[in-house]
Amino acid sequence: MMRRVLMMLVLVAALLALLPAGNTQAQSDARCFPETGFCISGPIRQYWERNGGLMVFGFPITPVQTETVENWTGPVQWFERDRLEDHSRERQGVLAGRLGVERLAQQGRPWQFRPLGPPPQPGCRGFVETGYYMCGGFLTYWQRNGGLERFGYPVTDLIVENLNGRDYTVQYFERRRMEYHPENRPPFDILLGLLGREVRDSALVIPPPPPPPPPISQQIAISEPADNAVISSPIRVSGSTTRMPAGNTLRYRFYEPNGFELARGTIPVIAQPNGTGNFSTRLAYRAPNGERVLLELAEIDPTTGAIIARTERSVRYAPTGAQQITIDRPSSGSTIGTRLQVAGRTAIFPSEGDLFLNVIDGSGRLIANFAFAVGGTPDQPASFFVDVTIPDQRGRLVTVEVVDINARGDVLARAQVNVFAGTPGPYPVP
């Protein structure tokens with residue numbers, strides 16, 4: 001009997017040795033904060049520590065939990081200033097939430113696209129993607145702390161908001177809100193808003209039930225582009241509605257299957273004698289990372305923001321081959337000083353709304369390189385004019401190049417002229 005008991009004990013010990021070691025590695029990977037009682041670990045901890053830590057994100061205010069954000073469901077963790085989403089399954093790593101846009105929508109003032117007008121002051125940078133400018137300290141902070149990836153595009157002008165009983169100048173971006181705090185010395189006079197807390201706390205408040213939506217008799221039909229068509233940018237979007245939508249407009253969105261938004265705005269709908277509506281317009285959008293692009297058209301209730309009717313079209317993206325760039329000034333072989341003025345036009349509107357200027361000296365070295373916005377709208381060719389001062393080349397030959405490059409790095413078109421640049425003198429100078 002004793003022998004049988006010993007054999008059983010040996011067998012149990014062997015089975016226990018085969019069990020997994022548990023979450024010792026996960027625990028050792030965790031970094032915990034007594035201030036809030038929550039921990040960070042794994043890819044989210046790596047992203048938090050690599051991209052600014054406490055100053056940028058604040059303390060964690062939830063554990064990692066599964067949430068649905070727009071059209072994506074996966075691991076999410078909330079911080080005082082941000083919401084981090086782990087898209088590792090889709091091989092996109094950790095992404096920051098679009099809390100600036102969400103907060104504006106929560107407050108009943110969703111951002112609206114508008115054509116880019118003249119800059120409010122010198123030294124500002126405008127974005128045709130949303131129609132807004134960044135200036136001064138906010139622009140400097142944006143450029144030095146992650147730019148487009150960290151903050152997204154600006155979606156408001158400078159506005160004054162009351163925060164904790166005091167008025168501050170702020171500006172909203174897709175992912176963040178920047179705040180100017182004159183009571184602090186630089187560089188702490190510009191801070192990021194506590195949008196993580198604000199958005200999450202507002203979402204936890206259960207609003208009163210909305211009024212029942214009107215009967216969905218509206219139908220939106222897209223005739224162009226065709227389903228699964230190969231498209232570029234800009235693209236013509238045409239179709240019809242069974243009745244005129246609210247405000248005589250439809251909201252459009254271009255986005256990737258993972259929910260990443262490429263463009264949004266409104267398109268006009270023209271009333272027909274029989275009470276239906278027609279629409280046809282050209283729209284530009286940012287180039288996707290992959291091939292698949294989804295186009296959504298929706299009628300939005302102007303009072304509640306609810307979707308009354310919507311339709312969707314799945315298409316495939318390919319860079320356009322129809323783009324052409326013409327440099328009208330300066331002409332090739334002409335002489336200029338140190339002030340370079342470049343004027344020209346494009347056959348179609350650039351998909352990103354901007355072009356790149358490169359100035360290259362005779363040794364192949366870049367002496368000027370930057371992006372600039374173009375004039376025009378997606379439904380027509382664009383014109384451009386750039387005025388820039390370049391280093392004195394003492395009459396040597398330089399190449400002036402204008403290039404259309406989309407967001408993923410495809411070169412869509414380029415044009416070049418060769419000019420003699422610098423102080424007056426005999427040309428050419430060896």
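This is a predicted model: local features need pLDDT of at least 70, side-chain atom pairs count only at pLDDT 80 or more; totals for chains, interfaces and linings use all residues.
Figure 1. The side chain of Glu296 is joined to that of Arg310 by a polar contact of 2.8 Å. When the neighbours within four places in sequence are left aside, Glu296 is in contact with Arg251, Tyr252, Arg253 and Tyr255, and also with Arg310, Thr311 and Glu312.

Figure 2. Strand S16, residues 249–255, and strand S17, residues 261–268, run antiparallel and are joined by seven bridges. Tyr255, which is among the residues in contact with Glu296, has Glu261 of S17 as its bridge partner. Five residues lie between the two strands of this hairpin, and in it Gly259 takes a positive phi near 95°.

Figure 3. Strand S15, residues 235–241, is mostly covered, since five of its seven residues are buried. Strand S13, residues 220–224, runs antiparallel to S15 and is joined to S15 by four bridges; within this pairing, Ile222 has Gly239 of S15 as its bridge partner. S15 also pairs with strand S19, residues 277–283, in the antiparallel sense and over seven bridges, and here Arg236 stands opposite Arg282 of S19. When following the side chains in this view, the reader may recall that in a regular strand they alternate between the two faces of the sheet.

**Figure 4. The disulfide of Cys32 and Cys39.** Cys32 is joined to Cys39 by a disulfide, with an S to S distance of 1.9 Å. The torsion about the S-S bond of this pair is about 100°, so the disulfide is right-handed. Cys32, at 47% relative accessibility, counts as partly exposed, and Cys39, at 31% relative accessibility, also counts as partly exposed.

**Figure 5. The disulfide of Cys124 and Cys135.** A disulfide with an S to S distance of 2.0 Å joins Cys124 to Cys135, and with 110° about the S-S bond this link is right-handed. Cys124 lies in the loop between helix H5 (99–106) and strand S7 (125–127), whereas Cys135 lies in the loop between strand S8 (132–134) and helix H6 (136–144), so the pair ties together parts that are 11 residues apart in sequence. Cys124 has a relative accessibility of 18% and counts as buried, and Cys135, with a relative accessible area of 17%, is buried as well. The count of disulfides comes to two, and when the bonded cysteines of the protein are numbered in sequence order, the pairing is 1-2, 3-4.

**Figure 6. The whole protein, as a setting for the close-up views.** The protein contains eight helices and 29 strands, and 43% of its 430 residues count as buried. Among the contacts between residues at least 6 apart in sequence, 53% join residues that are at least 24 apart. The accessible surface of the protein comes to about 22700 Å², and 55% of this surface belongs to carbon and sulfur atoms.

Definitions and conventions: Residues are numbered from 1 along each chain as its sequence is written. Side-chain values use heavy atoms; hydrogens and water are left out. A disulfide is a pair of cysteine sulfur atoms within 2.5 Å. Buried means under 20% relative accessible area, exposed over 50%, partly exposed in between (1.4 Å probe, protein chains only). Two strands pair if DSSP finds at least two bridges between them. A polar contact is a pair of N or O atoms within 3.5 Å; within protein, one must be able to donate a hydrogen and the other to accept it, and residues adjacent in sequence count only if both atoms are side-chain atoms. Contact means heavy atoms within 4.5 Å. Accessible areas come from the Shrake-Rupley method with a 1.4 Å probe; for residues, only the protein chains shown count as cover.
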